[in-house]
Amino acid sequence: MGYLILRRSAESPDQAARFCAVLGIVGALDVPIIYYSVEWWRGLHPRVLKISGGQGLDPAMGKALALCSVTFLLFFLLLLLLRVRLGRLQDDVEALTLQAGRRAPRAETA
């Protein structure tokens, strides 16, 4: 979002491209710092889960993750169905508008 806002807020397209290029470079350089910060600075963040040799995910957390994943999937499917229904209704309205436009008598211009 910040990239898009920056792209729109610049005075000229060249200036926007330059600002966004700098933002992209700084963002790309920041990725390794963010990734390794969990191991470098141990604060309140939980241990990094490792597949080989690590303790893995706690069973209670696994159940919560599964429940949240299923709930999110069902919510996504509901939103998708509602969007498909809305698209069909928009198509129906457009078709009715076209039919009404063909049937309406045209006023003669003087």
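This dialogue explains how to read several features of a predicted model.

Q: What pLDDT does the chain average?
A: The term pLDDT denotes the predictor's confidence in each residue, from 0 to 100. Here the chain averages 84, and 81% of the residues score at least 70. Confidence is lowest in helix α1 (residues 2-9), with a mean of 86, and highest in α3, at 94.

Q: How many helices and strands does the chain have?
A: Helices (H or I, at least four residues) and strands (E, at least two) are DSSP runs, numbered from the N terminus. This chain has three helices and zero strands, in the order α-α-α along the sequence.

Q: What share of the residues is buried?
A: Buried means under 20% relative accessible area, exposed over 50%, and partly exposed in between (1.4 Å probe, protein chains only). Of the 110 residues in the chain, 5% are buried.

Q: How many disulfides does a search of the whole structure find?
A: A disulfide is a covalent bond between the sulfur atoms of two cysteines. The search takes a pair of cysteine sulfur atoms within 2.5 Å as a disulfide, and finds zero in the whole structure. Cys20 is buried because its relative accessible area is 3%, whereas Cys68, at 52%, is exposed.

Q: Which rings form the aromatic pair, and why is the pair edge-to-face?
A: Rings of Phe, Tyr and Trp (its six-membered ring) pair if their centres lie within 6.5 Å; planes under 30 degrees apart count as stacked, over 60 as edge-to-face and the rest as tilted. The structure holds one such pair. The ring centres of Tyr35 and Tyr36 lie 4.9 Å apart and their planes stand at 85°, so the pair is edge-to-face. Tyr35 is exposed, with 57% relative accessible area, while Tyr36, at 39%, is partly exposed.

Methods
Residues numbered from 1 in each chain as written. Predicted model: local features only at pLDDT ≥ 70, side-chain atom pairs only at ≥ 80, totals over all residues. Heavy atoms only, no water.
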